[in-house]
Amino acid sequence: MSLKIVSEARSHGGRQLVVRHASSATSTDMTFSIFLPPQAEEGRKLPVVWYLSGLTCTHANVTEKGEYRAACAEHRLIFVAPDTSPRGEGVPTAPEGQWDFGLGAGFYVDAMEQPWAANYRMWSYVTDELPELVAAEFPVDMDRQAITGHSMGGHGALTVALNFPERFRSVSAFAPIVAPSQVPWGQKALTGYLGSDRSTWRKHDAAALIEAGASVDEILVDVGDKDPFIEKELRPELLERACADAGIELNLRIQPGYDHSYYFISTFMADHLAWHAERLSRG
């Protein structure tokens with residue numbers, strides 16, 4: 001699979017790349033960013049942290065605002081951030097003003113409904129195609145993977161980890177949508193992409209997955225108490241209840257004064273990466 005390096009910059013002794021490639025999953029070109037810490041130039045394979053972004057974002061939001069590179073260089077972590085949806089000529093989108101559906105809002109599912117099914121296959125992209133590509137082209141130790149994300153991407157990180165617990169040594173999230181089946185953003189997306197049969201939704205609902213028996217060892221979640229979406233869309237208490245009932249260790253931290261923005265994410269990014277690094281370093 002051919003890659004095109006769109007941009008490259010030196011940072012914290014490593015290399016920040018933006019990469020474009022033709023995707024068979026989405027039938028479009030896709031773009032992702034990858035930070036290679038300085039140790040990657042020494043020929044050794046390094047752990048990888050996958051970061052899934054939220055509504056309206058591309059790979060660029062966390063790349064430019066996430067403040068992760070110093071921590072990745074310190075902890076010898078490769079950091080990969082894909083886009084949030086297919087893009088390009090002919091890719092369908094929602095009517096103007098519907099920012100929570102269509103372009104920038106793939107919700108990390110494989111769409112089954114028309115006209116979305118041909119391109120909106122973000123589940124296959126982030127769980128299959130992109131990991132295979134990154135493993136083939138970069139010095140990634142695929143036995144040491146972690147995943148995190150923000151908002152819609154926090155939903156994605158949790159559901160991917162719960163569906164593939166053997167793949168990831170750790171999972172965390174910033175202000176995740178923990179129970180999309182029970183909130184307006186999620187209900188709109190899951191109905192639009194997957195249809196009205198709610199049995200098809202469970203694979204993409206962290207709280208429902210846990211209630212059905214899916215499990216990971218532990219989860220770290222940060223949410224700001226000034227987040228305007230906390231009560232209606234994020235509902236962290238639903239994840240807290242599901243984890244308590246299932247015996248999953250959840251470190252849910254409600255951060256006073258913080259909102260939903262990258263000011264919040266960048267404040268706690270280094271803390272999350274240190275948490276992941278400790279678990280990725282275990283034998």
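The legends below describe close-up views of a predicted model.

In this predicted model, local features need pLDDT of at least 70 and side-chain atom pairs count only at pLDDT 80 or more, whereas totals for chains, interfaces and linings use all residues. Residues are numbered from 1 along each chain as its sequence is written, and side-chain values use heavy atoms, with hydrogens and water left out.

**View 1. The crossing of helices α3 and α4.** Helix α3 (residues 122–137) and helix α4 (residues 152–163) have axes that come within 12 Å and cross at roughly 60°; helices (H or I, at least four residues) and strands (E, at least two) are DSSP runs, numbered from the N terminus. The axes are lines fitted to C-alpha atoms, for helices over the stretch in contact, and angles run from 0 to 180 degrees between N-to-C directions. On the α3 side W123, V126 and T127 meet T159, V160 and N163 of α4, where contact means heavy atoms within 4.5 Å. The residues of this contact divide into 3 nonpolar, 3 polar and no charged; Ala, Val, Leu, Ile, Met, Phe, Trp, Tyr, Cys and Pro count as nonpolar, Asp, Glu, Lys and Arg as charged, and the others, Gly among them, as polar.

**View 2. Aromatic pairs around W116.** Rings of Phe, Tyr and Trp (its six-membered ring) pair if their centres lie within 6.5 Å, with planes under 30 degrees apart counted as stacked, over 60 as edge-to-face and the rest as tilted, and by this rule the count comes to 15 aromatic pairs. One of them is the edge-to-face pair of F101 and W116, at 4.8 Å centre to centre and 80° between the planes. F101 and W116 each lie in the loop between β5 (78–82) and α3, so their pair ties together parts that are 15 residues apart in sequence. W116 also forms an edge-to-face pair with Y120, at 5.4 Å centre to centre and 85° between the planes. W116 counts as buried at 9% relative accessibility, and Y120 is buried with a relative accessible area of 1%; buried means under 20% relative accessible area, exposed over 50%, and partly exposed in between (1.4 Å probe, protein chains only).

**View 3. A ring cluster and a cis peptide bond.** Ring pairs link F35, Y51, Y68 and F79 into a cluster. Elsewhere, a cis peptide bond with omega of about 5° joins Q114 and P115, and P115 is found in the loop between β5 and α3.

**View 4. The surroundings of R235.** R235, in the loop between α7 (230–234) and α8 (236–246), is partly exposed, with a relative accessible area of 22%. Leaving aside neighbours within four places in sequence, R235 is in contact with V178, Q182, V183 and I230.

View 5. S27, in the loop between β2 (14–23) and β3 (28–36), has a positive phi of about 60° although it is not a glycine, and S27 is exposed with a relative accessible area of 55%. In the loop between α1 (59–65) and α2 (69–75), E67 has a phi near 55°, a positive value in a residue other than glycine, and E67 is exposed with a relative accessible area of 56%.
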